[in-house]
Amino acid sequence: MIALVIGGFVKINVFFYAVIVGMSTLFKVKRLSALTYPVGTVILFFSLTMASNFQEHLKEGLTIMPVLLFIPFHVVIPFTLLCIAFIKHRIKKQKRCSHHDGCSAFVCYPLLYVQLLPLFFYLL
């Protein structure tokens with residue numbers, strides 16, 4: 001039981017730190033501590049208002065969150081980034097060389113393999 005509490009504490013702290021660093025980068029704030037209290041207040045507010053009891057929390061986690069978070073973050077965003085990478089690569093290739101010898105994008109751009117892996121694992 002104590003391992004679950006410690007694991008939850010570490011997980012929450014890592015996510016909280018990631019939000020603080022991301023927001024400081026996004027809004028170009030130099031001191032991370034300037035965002036700690038506002039973000040903590042927003043998280044506290046949402047944690048108190050999201051679910052009033054455990055059953056409602058489970059319902060949201062099993063029905064609403066897969067549609068709102070898991071599908072967009074695991075399918076839509078990687079597929080969109082993959083399409084953008086293909087388009088960028090195609091534009092660079094057209095600017096760089098004018099011949100069409102049938103070069104594959106995977107030969108010239110090996111990062112596409114890395115971008116495809118999460119999509120294939122999710123679809124399996």
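Helices (H or I, at least four residues) and strands (E, at least two) are DSSP runs, numbered from the N terminus. The legends below apply this to a predicted model, in which local features need pLDDT of at least 70, side-chain atom pairs count only at pLDDT 80 or more, and totals for chains, interfaces and linings use all residues. Residues are numbered from 1 along each chain as its sequence is written, and side-chain values use heavy atoms, with hydrogens and water left out.

**View 1. The protein chain follows the pattern α-α-α-α-α along its sequence.** It has five helices and zero strands. Of its 124 residues, 11% are buried (under 20% relative accessible area; exposed is over 50%, partly exposed in between; 1.4 Å probe, protein chains only). The chain exposes about 10500 Å², an area from the Shrake-Rupley method with a 1.4 Å probe. Carbon and sulfur atoms supply 76% of that surface. Contact means heavy atoms within 4.5 Å. Among contacts with a separation of 6 or more, 34% join residues 24 or more positions apart.

**View 2. Helix α1 packs with helix α2.** Two packed helices are described by the angle between their axes and the distance between the axes. Here α1 covers residues 2-27 and α2 covers residues 33-49. Their angle is about 125°, and their axes lie 10 Å apart. Axes are lines fitted to C-alpha atoms, for helices over the stretch in contact, and angles run from 0 to 180 degrees between N-to-C directions. The two helices are therefore oblique to each other; angles under 35 degrees count as roughly parallel, over 145 as roughly antiparallel, 65 to 115 as roughly perpendicular and the rest as oblique.

**View 3. Residues of α1 meet residues of α2.** From α1 come Phe16, Val19, Ile20, Met23 and Ser24. From α2 come Leu35, Thr36, Val39, Gly40 and Ile43. By class, this contact has seven nonpolar, three polar and no charged residues. Ala, Val, Leu, Ile, Met, Phe, Trp, Tyr, Cys and Pro count as nonpolar, Asp, Glu, Lys and Arg as charged, and the others, Gly among them, as polar.

**View 4. Ser24 sits in helix α1.** Ser24 is buried, at 6% relative accessible area. Leaving aside neighbours within four places in sequence, Ser24 is in contact with Val29, Leu32 and Leu35.

**View 5. Lys28 lies in the loop between α1 and α2.** Its phi is near 55°, a positive value in a residue other than glycine. Lys28 counts as exposed, with 72% relative accessibility.

**View 6. Pro38 has its place in helix α2.** Pro38 is partly exposed, with a relative accessible area of 43%. Pro38 and Ile20 are 18 residues apart in sequence. In space, they are 9.9 Å apart, C-alpha to C-alpha.
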